[in-house]
Structure formats: structure tokens, C-alpha cells
Amino acid sequence: MNTEQKIIVPLDVSTLEEALALVERLEQVSFWKVGLELFVSCGPKILEVLKSKSKRIFLDLKFHDIPNTVRGACRAAASYGVDLLTIHATCGKDAMKAATEAVQEGASLAGVKPPKLIAISLLTSISSRQLAFDLKIPLELPEYVLSMALMAQEVGLDGAVCSPQEVAQLRQTCGDDFLLVCPGVRPIWAESGDQARSLTPAQALKAGADYLVIGRPITAAANPDRAWEKICEEIATST
């Protein structure tokens with residue numbers, strides 16, 4: 001897999017028309033993320049369009065509910081034939097186990113390949129201080145993220161979402177077959193925005209990330225095409 005295929009670009013827009021405009025402009029992007037805002041706005045239509053263009057899809061809906069509801073949601077989502085699907089690790093073992101079974105069932109019924117199911121360990125907008133003082137979690141942030149990832153691995157999930165600052169520890173502990181997806185990635189020239197635990201793309205890949213989610217530095221740039229090229233160049237000259 002070349003470097004460009006490891007970059008996932010979020011379609012963090014509110015309408016199908018805006019999403020299609022981005023996909024058309026950045027035709028060199030092969031992997032797109034569809035999150036809550038766009039999916040709630042236009043439903044599975046955007047998935048159909050992306051698949052018609054032979055794009056890979058990260059359906060990032062971050063399911064978080066009781067096991068039975070998670071099972072039903074994952075079964076339905078798996079039928080779309082997407083590549084990655086997310087669930088919060090804080091759902092607990094029962095919900096995550098139900099999710100792993102459901103994606104197999106849903107994909108089988110639809111005759112498609114099941115998505116890789118990955119756990120949200122901790123949102124990358126949350127800092128160590130917020131974890132301790134707002135969420136009242138007594139663990140240090142890296143320890144908490146690792147415990148969530150290990151719990152997900154134990155029940156059979158394919159990987160985890162983590163910030164690039166935790167990826168080296170997770171790679172070392174969880175092994176090479178555990179998929180690690182890193183949002184919170186910012187190129188040298190971009191602002192961090194609301195990402196509290198960020199690294200550059202080259203640093204994240206060196207640390208062991210399988211995929212990088214890079215949004216606003218590309219999609220909010222005055223020239224998205226050039227921003228994409230700059231990120232690819234930055235990685236190439238740093239590896």
C-alpha cells in the first residue's frame with residue numbers, strides 16, 4: 001500500500017452536493033470518511049455514490065448504545081459494503097462482541113465483504129486534564145487508551161482509533177495485525193484546531209499508524225488539491 005492510500009479524507013460537510021463537489025475536486029483521494037453530520041443529512045446515498053466511483057469508505061458513526069441496539073445498527077451498516085466501521089469501546093464488552101457478530105451477519109445477508117470493525121479508544125479532542133477532571137477517569141491518558149484498545153482486541157474487534165501520540169504504545173502491545181487509525185493528524189504548516197493530541201503525518205506513520213485521517217488541512221484549504229500534494233510531499237521527504 002502506498003502512502004496516498006493510507007490517508008483518509010473526511011467528508012465533514014452537511015449536504016450531498018458539498019460532498020460530491022469535494023469528491024470531484026479531489027479525485028486522487030481513494031479513501032473517504034463519512035461521519036455523523038453527512039450521514040444524518042443524506043443517508044446511504046453518499047455511500048452509493050462513493051462506491052460507484054470505486055472509493056473506499058470509512059463509515060465513522062461511532063455507535064454507542066446497549067448491546068441489542070448496537071447489534072442492529074452494525075448489522076444494517078455492514079450491508080452497505082463499507083471498509084471501516086466504528087463503535088465506542090466504552091459500550092463495553094457485550095456490545096462490542098454483539099457488534100463483531102452483527103457485521104458478519106449483515107455483510108453475509110447483503111453478499112458483501114464485512115467491514116473492519118474498530119473501536120474508538122478516546123476522542124482525540126479530549127486532553128489528559130479533561131479525562132481526569134471532566135470525565136473523572138483515574139487512569140493516566142495513555143493507560144486508559146491502551147486498556148480500551150486491549151478490551152476491544154480481546155472481544156475480536158479488528159483495531160482501534162487512537163491519537164498518534166498513543167499509536168506507538170498500542171502497536172507494540174497489540175501487535176502488527178491490529179489496525180490503528182489515527183485522526184488528530186496535522187501537517188507541519190497546519191493549525192491544530194480542536195485536536196488536543198496531534199502529530200504530523202510522517203511522525204504518525206513512523207509510530208505505527210495504518211491509516212491517517214486528515215480533514216481540515218485539506219478540505220478547508222484555499223486550494224485543496226495543493227494541500228493534498230503538500231501532505232504527500234511532506235511524508236515522502238520525511239520517510
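# Briefing on a predicted single-chain model

Leaving out neighbours up to four places away in sequence, Ser121 is in contact with Tyr144, Val145, Met148, Val161 and Cys162. The model described here is predicted. The chain has 239 residues, and its secondary structure consists of eleven helices and eight strands. The points below start with Ser121, go on to the chain as a whole, and then take up other residues by topic.

- Ser121 sits in the loop that runs between strand β5 (116–120) and helix α6.
- Ser121 has a relative accessible area of 3%; because buried means under 20%, Ser121 counts as buried.
- Ile87 is 34 residues away from Ser121 in sequence, and the C-alpha atoms of the two are 9.2 Å apart in space.

**The chain as a whole**

- A compact globule of 239 residues would have a radius of gyration near 18 Å, and the 17 Å found for the chain agrees with this.
- Along its principal axes, the C-alpha trace spans about 45 × 40 × 30 Å.
- Of the 239 residues in the chain, 51% are buried.

**Positions listed as active site**

- An unreviewed UniProt entry lists Asp60, Lys62 and Asp65 under "active site".
- Asp60 belongs to strand β3, which covers residues 56–63.
- The relative accessible area of Asp60 is 6%, and a residue is called buried when this value is under 20%, so Asp60 is buried.
- Apart from residues up to four places away in sequence, Asp60 touches Lys33, Val34, Gly35, Leu36, Thr86 and Ile120.

**Two residues with positive phi**

- Ser54 is not a glycine, yet its phi is positive, at about 60 degrees.
- The loop between helix α3 (45–52) and strand β3 holds Ser54.
- Ser54 has a relative accessible area of 64%; since exposed means over 50%, Ser54 is exposed.
- Lys136 is also a residue other than glycine with a positive phi, in this case near 60 degrees.
- Lys136 is placed in the loop between helix α6 (128–134) and helix α7 (141–154).
- With a relative accessibility of 62%, Lys136 counts as exposed.

**Ser14, in a loop**

- Ser14 is part of the loop between strand β1 (7–10) and helix α1 (16–25).
- The relative accessibility of Ser14 is 31%, so Ser14 counts as partly exposed.
- Not counting residues up to four places away in sequence, Ser14 touches Glu37, Leu38 and Ser41.
- Ser14 and Gln203 are 189 residues apart along the chain, and their C-alpha atoms are separated by 31 Å.

- Ala221 lies in the loop between helix α10 (216–219) and helix α11.
- Ala221 has a relative accessible area of 24% and is partly exposed.
- The contacts of Ala221, leaving aside residues up to four places away in sequence, are with Arg216 and Ala227.
- Glu229 is found in helix α11, which covers residues 224–238.
- Glu229 is partly exposed, at a relative accessible area of 37%.
- Between the C-alpha atoms of Glu229 and Ala102 there are 39 Å, and the two residues are 127 residues apart along the chain.

How values were computed: Residues are numbered from 1 along each chain as its sequence is written. This is a predicted model: local features need pLDDT of at least 70, side-chain atom pairs count only at pLDDT 80 or more; totals for chains, interfaces and linings use all residues. Side-chain values use heavy atoms; hydrogens and water are left out. Helices (H or I, at least four residues) and strands (E, at least two) are DSSP runs, numbered from the N terminus. The radius of gyration is taken over C-alpha atoms; the globule rule is 2.2 Å times the number of residues to the power 0.38. Buried means under 20% relative accessible area, exposed over 50%, partly exposed in between (1.4 Å probe, protein chains only). UniProt positions are given in the numbering used here, feature names are shortened, and annotations may be inferred rather than shown by experiment. Contact means heavy atoms within 4.5 Å.
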